Structures are given as structure tokens and as C-alpha cells.
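Here's a quick briefing to read alongside the model. Have the sequence and the 3D view open as you go.

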Amino acid sequence: MAANRSLGRDIVIYLATNPTVSIGGGFTNPTFTKTTFLDALDVLITHDLPLRVCKINDDRVQIQRNQDPLLPGEYEVESDGHIEVTDAPYYKRTTSAMSSLSASGRVRSFPAAVRDRDRRCVITGIQVSQREPLLRRWTIYDAAHIFSVALESFFHNYNFGELVVLDERDGSVSSPQNGLLLQKNVHALFDQYEISINPNDDYRIVCFFDDILGLAGRQLDPICRDINHPHHVNDNILFWHFQQAVLANMRGAGEPIFDEDIPPGSDTMDAILSSPAPAERMEFELSGRLGDVMRAQGSLLIK
């Protein structure tokens with residue numbers, strides 16, 4: 001069953017033009033600051049003049065940009081111009097378990113370049129031991145795509161291919177500038193848009209649910225965003241991920257979160273077909289299983 005992103009929200013958002021109908025919401029936690037909230041509203045709401053945001057029943061005090069955590073409550077958004085909820089597309093994302101592949105099946109160059117650049121989880125800061133690269137063991141780390149491989153055609157639609165340094169062995173979606181080295185548990189949260197990075201706010205890490213990893217105050221590690229490195233991560237791609245995270249978690253009731261684990265012995269097909277968005281859920285399952293097979297073949301090639 002797909003998890004519900006809206007269940008238990010303690011932030012509720014209204015437009016002043018229709019103050020009785022919520023347009024979405026979110027969850028407070030130490031990473032979700034007032035600046036993060038205002039940046040998220042700029043994604044969530046189409047507007048031609050600046051927004052003003054006030055907490056309802058709080059003397060109409062306007063929310064200002066700062067690093068104070070946002071408090072629980074109901075918030076109203078107004079403007080002197082036209083405002084409405086954005087209809088920008090949200091792209092359902094499969095797990096990037098196929099992170100060692102480009103969409104055309106090429107292997108190894110993407111993870112190798114990301115590992116060589118980062119040498120640590122760039123969100124938690126936990127460094128790779130000196131032995132792991134020598135032993136070719138990256139047990140707890142993944143080279144994660146920011147913009148999913150499964151969405152490669154959209155990558156070109158956004159003209160991101162023109163913004164990255166291409167590796168002749170890979171398509172542009174597998175440029176290391178579209179990659180981050182992450183611990184596996186962090187990678188899972190990142191792929192589901194439960195955490196993201198806001199490059200417009202000093203690369204702060206944003207959790208859209210609870211801050212279970214203690215990421216409050218953390219920024220994306222500078223090692224992956226050093227502009228003097230030819231393969232530094234691309235800010236435009238990072239912000240695209242942040243935008244998608246806002247749409248997934250804060251617009252309306254949010255988008256479904258697929259549970260990757262179907263219990264052994266259960267009817268996998270029935271579980272998928274009875275879940276919300278079964279076509280996307282099937283793609284999610286097939287992507288993960290194909291990724292496992294291809295990673296195993298890649299390990300044999302490396303040996």
C-alpha cells in the first residue's frame with residue numbers, strides 16, 4: 001500500500017482568495033525553517049507579485065525569511081496580484097537502484113566519477129573509509145541520480161543536458177553533475193522526495209517529514225559543489241529536485257509513497273494492482289529488480 005504524505009500534517013495552507021479550502025500543507029521539524037517555507041510557497045503558488053504569508057490567528061504578523069523553524073499552524077497566503085496553485089507537473093519517480101546505468105545500459109562510469117569526487121555521503125557527512133575504495137567496496141553508499149534515469153527524455157526537455165559536462169561513455173543524465181554519493185538509507189529518502197536540498201538557501205538540507213537523521217542545520221557538503229571541479233553538482237538540477245519534493249509533499253494531499261518491500265510469499269501482482277497508481281508502482285518494482293540484476297553483472301565485470 002502507498003503511504004499517505006498528508007496524514008498528520010501540522011502545517012495547513014490557504015489562499016486568501018479562497019480561505020476555507022486548504023491547498024496543501026506539510027510537517028514542522030528543525031530543518032523546515034521560515035525561509036524553507038517561503039521558498040516552498042514560491043514553488044507551490046503561481047504569482048506575478050510578491051507573496052505575503054501570515055499565520056492565522058496570530059495578529060496577522062507576516063512571516064519573514066530567517067532560519068527559525070516554522071511553527072505548527074494554519075497559514076494564509078495573499079498577494080496584490082493573481083495567485084493560484086501551480087499546475088506544474090510532478091514526475092512519479094522509480095527508485096534509482098539502476099544508479100550504475102544510463103538509460104541506454106552503459107555502466108560504471110557514473111558511479112566511479114561520483115565516488116571519486118565525493119568520498120563521503122554529502123548529506124550526512126559520513127566519510128568513506130580509506131580501505132573501501134582500495135577493496136572496491138562501497139557497501140553502505142550509492143551513487144544517486146538527482147534527476148532520475150527513468151526520466152531521461154524530460155532531462156533533455158529541461159535543457160539540463162546543456163548545463164552538464166558530458167562523459168562520452170554516458171548520456172547526459174548520467175553526468176556526475178547529476179549525481180551525489182549518499183548512504184543507502186539517505187538515498188531511499190532522497191528518491192522518495194522525503195528529503196531534498198535547497199541551493200537557494202545555502203544548500204541547506206530539508207526534511208519534509210521528521211528529521212529522523214538529525215540533519216537540522218546541515219548543508220550539502222562543499223566537496224560536491226566546488227565550482228572549480230569540472231564535475232561539480234549542478235544547482236539547476238538540485239533546485240529541480242527541491243521543486244519536485246515540494247509538489248510531492250505539499251500540494252493538495254501529496255503524492256503516494258510506494259513501499260518497496262512486498263512480504264515474501266504474498267501475491268506481488270495483486271499487491272501492485274490493488275495499490276494507488278498501479279502502472280507507476282509496477283514500473284517502480286521492475287526498475288528495482290532489474291537494477292539488482294544489472295548491479296550483480298556489473299560486479300562480475302569489475303572482478
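How are H1 and H6 oriented to each other? They are roughly perpendicular to each other, a label that covers angles of 65 to 115 degrees, with under 35 degrees counting as roughly parallel, over 145 as roughly antiparallel and the rest as oblique. Before the details, some ground rules: this is a predicted model, where local features need pLDDT of at least 70, side-chain atom pairs count only at pLDDT 80 or more, and totals for chains, interfaces and linings use all residues. Residues are numbered from 1 along each chain as its sequence is written, and side-chain values use heavy atoms, with hydrogens and water left out.

**The chain as a whole**

- The protein chain has 8 helices and 10 strands; these are DSSP runs numbered from the N terminus, with helices being H or I of at least four residues and strands E of at least two.
- Buried residues make up 50% of the 303 residues, where buried means under 20% relative accessible area, exposed means over 50% and partly exposed is in between (1.4 Å probe, protein chains only).
- The chain exposes about 14500 Å², and carbon and sulfur atoms supply 52% of that; the areas come from the Shrake-Rupley method with a 1.4 Å probe, and for residues only the protein chains shown count as cover.
- Take the contacts with a separation of 6 or more: residues 24 or more positions apart account for 70% of them. Contact here means heavy atoms within 4.5 Å.

**The H1–H6 crossing**

- The axes of H1 (residues 34-44) and H6 come within 9 Å and cross at roughly 85°. Axes are lines fitted to C-alpha atoms, for helices over the stretch in contact, and angles run from 0 to 180 degrees between N-to-C directions.
- On the H1 side, the contact is made by Thr-36, Phe-37, Asp-39, Ala-40, Val-43 and Leu-44; H6 brings Phe-239, Phe-242, Gln-243, Val-246, Leu-247 and Met-250.
- Those residues split into 9 nonpolar, 2 polar and 1 charged. Nonpolar covers Ala, Val, Leu, Ile, Met, Phe, Trp, Tyr, Cys and Pro; charged covers Asp, Glu, Lys and Arg; the others, Gly among them, are polar.
- H1 is mostly covered, with 9 of its 11 residues buried. Among them are Thr-35, Leu-38 and Leu-41.

**The largest nonpolar core**

- This core holds 64 residues, and Phe-37, Leu-41, Ile-123, Leu-180 and Leu-220 touch the most other members. A nonpolar core is a set of buried Ala, Val, Leu, Ile, Met, Phe, Trp, Tyr and Cys residues joined through side-chain atoms within 4.5 Å.
- H6 (residues 235-250) gives the most to this core, with 9 residues.
- Not counting residues up to four places away in sequence, Leu-220 touches Val-122, Ile-123, Leu-180, Ile-197, Tyr-203, Ile-205, Arg-225, Val-233 and Leu-238.

**Around H5**

- In H5, the buried residues are Val-186, His-187, Leu-189, Phe-190 and Asp-191. They pack against strands S7 (141-145), S8 (179-183) and S9 (195-198), and against H6.
- Leu-189 lies in H5 (residues 184-191) and counts as buried at 17% relative accessibility.
- Leaving aside neighbours within four places in sequence, Leu-189 is in contact with Glu-194, Ile-195, Ile-212 and Leu-213.
- Leu-189 and Cys-207 are 18 residues apart in sequence, and their C-alpha atoms sit 9.2 Å apart in space.
- After H5 comes Tyr-193, with a positive phi near 60°.

**Loop residues to look at**

- Asp-201 is in the loop between S9 and S10 (204-207), and is buried with a relative accessible area of 6%. Beyond its neighbours within four places in sequence, Asp-201 is in contact with Thr-33, Thr-35, Thr-36, Asp-39 and Gln-67.
- Tyr-203 is found in the loop between S9 and S10. It is not a glycine, yet has a positive phi of about 60°, and it is buried at 16% relative accessible area.
- Asn-57, in the loop between S4 (51-55) and S5 (73-79), has a positive phi near 65°. At 75% relative accessibility, Asn-57 counts as exposed.
- Glu-162 lies in the loop between H4 (152-157) and S8, and counts as exposed at 66% relative accessibility. The C-alpha atoms of Glu-162 and Ser-172 are separated by 8.5 Å, with the two residues 10 apart along the chain.
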